[in-house]
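Biologist: Could you take me through this model? I would like to begin with the overall fold and then turn to individual residues.

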Amino acid sequence: KIDPEQMAPMRAVRFRARDGLELEAMLTIPVGREPKGLPLVINPHGGPFGPRDEWRFSSEVQFLANRGFVVLQPNYRGSGGYGMAFERAGYRQWGRAMQDDLTDAVKWAVAEGLADPTRVVIMGASYGGYAAMAGLAFTPELYCAGVNYVGVTDLTTITRQGRGSEGG
């Protein structure tokens, strides 16, 4: 019983990471708002290896867009669906190149005029939660807030358990 006319449009965008790697992201713009200088939520997906964000209905994204946020869901290096070389490019890059990809996504959105640089939030779950914490720690000047829900916070424990050893 969702009215498609009330849904914020989502589209794929591409941008370059600082090392030249081309990345794709899903961009959702609030309905009825000019896509200029809006508050931004960058929402990295969990995993990190294997999953990716793609064009589809997301109640979370629609909720945020309904409240006036531009939502950017970058498929950073390591995301699935782009081939093994792209996935492997994320191995051992937690808090490093994968995080740089997210930073570069924010900078792209600001440079495009979509986002107000003083109103950027990073939020995510699982690996996305880790990325939110890393973003707040490594680049606090980019974010006015962050949300980590069910995010990885202890890499030593997770790698001892044999989970995520590629990324540890």
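Modeller: The discussion below goes from the whole chain to selected residues.
Modeller: This is a predicted model, in which local features need pLDDT of at least 70 and side-chain atom pairs count only at pLDDT 80 or more, while totals for chains, interfaces and linings use all residues. Residues are numbered from 1 along each chain as its sequence is written, and side-chain values use heavy atoms, with hydrogens and water left out.

Biologist: How many helices and strands are there in the protein?
Modeller: The protein has five helices and six strands. Helices (H or I, at least four residues) and strands (E, at least two) are DSSP runs, numbered from the N terminus.

Biologist: And in what order do the elements run from the N terminus on?
Modeller: The order is β-β-β-α-β-α-α-β-α-β-α. The protein is as compact as a globular protein of 168 residues, because its radius of gyration is 15 Å, close to the 15 Å from the globule rule. That radius is taken over C-alpha atoms, and the rule is 2.2 Å times the number of residues to the power 0.38.

Biologist: What share of the residues counts as buried?
Modeller: Of the 168 residues, 48% are buried. Buried means under 20% relative accessible area, exposed over 50%, and partly exposed in between (1.4 Å probe, protein chains only).

Biologist: What about contacts along the sequence?
Modeller: Taking contacts between residues at least 6 apart in sequence, 70% join residues at least 24 apart. A contact here means heavy atoms within 4.5 Å.

Biologist: Let us turn to N43. Where does N43 lie?
Modeller: N43 is in the loop between β3 (38-42) and α1 (59-66). This residue counts as buried because its relative accessibility is 6%.

Biologist: Which backbone oxygen does the side chain of N43 reach?
Modeller: The side chain of N43 comes to 2.8 Å from the backbone oxygen of M123. This is a polar contact, that is, a pair of N or O atoms within 3.5 Å; within protein, one must be able to donate a hydrogen and the other to accept it, and residues adjacent in sequence count only if both atoms are side-chain atoms. Leaving aside neighbours within four places in sequence, N43 is in contact with residues including D53, E60, V71, M123 and G124.

Biologist: Now the backbone geometry. Which residues does a cis peptide bond join?
Modeller: The cis bond joins G47 and P48, with omega at about 10°. P48 is placed in the loop between β3 and α1. Most peptide bonds are trans, and most residues other than glycine have a negative phi.

Biologist: What is the phi of R92?
Modeller: R92 has a positive phi of about 60°, although R92 is not a glycine. R92 is found in the loop between α2 (84-88) and α3 (97-111), and counts as exposed because its relative accessibility is 51%.

Biologist: And S126, where does S126 lie?
Modeller: S126 lies in strand β5 (residues 115-126). Its phi is also positive, about 60°, and S126 is not a glycine. At 28% relative accessibility, S126 counts as partly exposed.
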